[in-house]
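Hi,

Here is the structure I promised to pass on. Have a look at it, and then read my notes below.

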Amino acid sequence: MKKIPTVVRFFYFFLGAFISWEIFCAPAVEAKTKEIIRVLILRDVSHFKVSGQELALGDLLTGQSFFKNIKKSSLTVERDGGPRLRVRGHSISARALVLTSARSPLTINGRRYRGKIRVFPGPNRDLWVINELPLEEYLVGLINCEISSQWSLDALKAQAVTARTFATFQKGSRSEGLYDVDSSVNDQVYAGIGLEDPRSRRAVKETEGELLLYQGKPIFAVYHACCGGKTESPEYLWTGNFPYLKSIVCTYCLASPHFLWNYQVDAESLAKVLGSMGFLSQRVRGIQIGERSESRRVLQLLIRGERDQGEIPGKEFRRLLGYDQLRSTNFWLKESDGVFLFSGLGWGHGVGLCQWGAKGMADAGIDYRSILKYYYQNVEIGQLPR
Ligand SMILES: [Zn+2]
């Protein structure tokens with residue numbers, strides 16, 4: 001028998017060791033994909049409807065199973081008079097519930113969701129409904145809620161990594177709470193599996209587990225639709241130390257339909273909006289823009305009413321008028337015959353990644369890693385050790 005040279009034997013030894021490592025270390029990949037996220041999908045509701053095949057319902061706190069494997073079922077869960085929950089049509093009362101469906105997604109008020117549903121009584125005699133599902137699956141559904149999966153693939157990948165990092169950061173800071181992320185614009189928009197598609201799945205799969213890290217930790221990866229030419233510094237919106245979030249020039253979002261916007265409101269309507277929130281309940285006579293940030297966003301406004309006047313922070317003024325009306329705080333205004341005309345740049349708070357800028361960069365052939373490192377300074381893209 002021909003003798004195998006030592007160097008070849010070493011080669012096969014290391015090849016065998018590598019293959020064994022690949023096989024036996026597979027659970028690390030498995031664990032990564034099993035990272036769970038708790039998404040708040042409903043609150044401020046007194047009841048909701050759930051349906052699914054082989055639906056199972058249990059008491060989350062005691063583990064008691066009320067029923068399971070009902071072939072096809074539809075239930076209405078509602079808040080009891082007190083701190084308990086009730087399932088209409090069934091003599092069930094519990095302080096918290098868990099719902100699962102073995103054979104299909106769960107449908108909540110017409111929207112389909114993967115994983116489990118947890119239900120808690122909320123603080124305002126309402127219900128909190130939380131969807132618990134794998135983080136990677138959550139991201140597949142999120143892409144089309146935040147941007148369009150028809151954008152260039154590198155823009156989708158940049159969105160996937162940013163959203164994964166944001167969710168992971170929030171999960172770390174809310175570990176004591178009932179949920180990790182809100183499914184509204186308060187955090188990241190998520191509407192279940194209805195908007196999943198192959199391109200979103202590909203972007204998530206090809207960046208699986210990747211996070212934006214600063215000194216080895218997931219960053220506060222905030223983002224917004226369009227910066228309007230320059231991103232904002234975080235200190236005007238949040239307290240904390242975020243050295244990777246700096247105001248930078250962005251010319252990649254120039255083609256965005258949200259780059260320039262206009263909004264007008266008359267003095268009576270403005271008084272009504274401000275008054276309903278407890279601010280200066282009187283006809284508005286004038287608005288004066290005060291201090292601006294370095295990126296030209298309005299930090300402070302002086303509002304003169306018929307009798308009084310008051311100062312209001314720019315971000316609070318935007319919140320009161322509505323985030324979809326006053327699209328950013330980077331605006332200027334003029335008054336004409338009792339009508340206030342706002343013109344502004346960009347959409348959103350302006351900090352971190354500019355989604356339309358990421359699209360512009362990806363369209364120009366820039367890869368997602370370079371896009372991310374443009375908007376988040378001195379970060380690494382990697383995975384957390386397990
Ligand atoms: Zn931009």
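Which residues in helix 4 meet which residues in helix 8? Before I answer, two things to know. This is a predicted model, where local features need pLDDT of at least 70, side-chain atom pairs count only at pLDDT 80 or more, and totals for chains, interfaces and linings use all residues. Residues are numbered from 1 along each chain as its sequence is written.

Now the helices (DSSP runs of H or I, at least four residues; strands are runs of E, at least two, and both are numbered from the N terminus). From helix 4, Asp-154, Ala-155, Ala-158 and Gln-159 meet Gln-355, Ala-358, Lys-359 and Ala-362 of helix 8. Contact here asks for C-beta atoms, placed from the backbone, within 7 Å. By class, four nonpolar, two polar and two charged residues make up this contact. (Ala, Val, Leu, Ile, Met, Phe, Trp, Tyr, Cys and Pro count as nonpolar, Asp, Glu, Lys and Arg as charged, and the others, Gly among them, as polar.)

The axes of helix 4 (residues 153–173) and helix 8 (residues 355–363) come within 7 Å and cross at roughly 140°. Axes are lines fitted to C-alpha atoms, for helices over the stretch in contact, with angles from 0 to 180 degrees between N-to-C directions. That makes helix 4 oblique to helix 8; under 35 degrees would be roughly parallel, over 145 roughly antiparallel, 65 to 115 roughly perpendicular, and the rest is oblique.

Three strands form an open sheet in the order 15-20-19, with antiparallel pairing. (Two strands pair if DSSP finds at least two bridges between them.) Strand 15 (260–266) and strand 19 (331–336) are at the edges with a single partner strand each, so one side of each has no neighbour in the sheet. From one strand to the next, the twist averages 20°. Six antiparallel bridges link strand 19 to strand 20 (residues 339–345), and Ser-336 stands opposite Val-339 in strand 20. Helix 6 (residues 267–276) packs on this sheet, touching strand 15 and strand 20, and its direction makes about 90° with that of strand 15.

Last, follow strand 9. Strand 6 (residues 97–101) runs antiparallel to strand 9 (residues 116–121), joined by three bridges; Leu-97 has Val-119 as its bridge partner. Strand 9 also pairs with strand 10 (residues 127–134), antiparallel, over six bridges, with Phe-120 opposite Trp-128. Strands 9 and 10 form a hairpin with five residues between them, and Arg-125 in the turn has a positive phi of about 55°.

Cheers

Conventions. Two residues are in contact if their C-beta atoms, placed from the backbone, lie within 7 Å.
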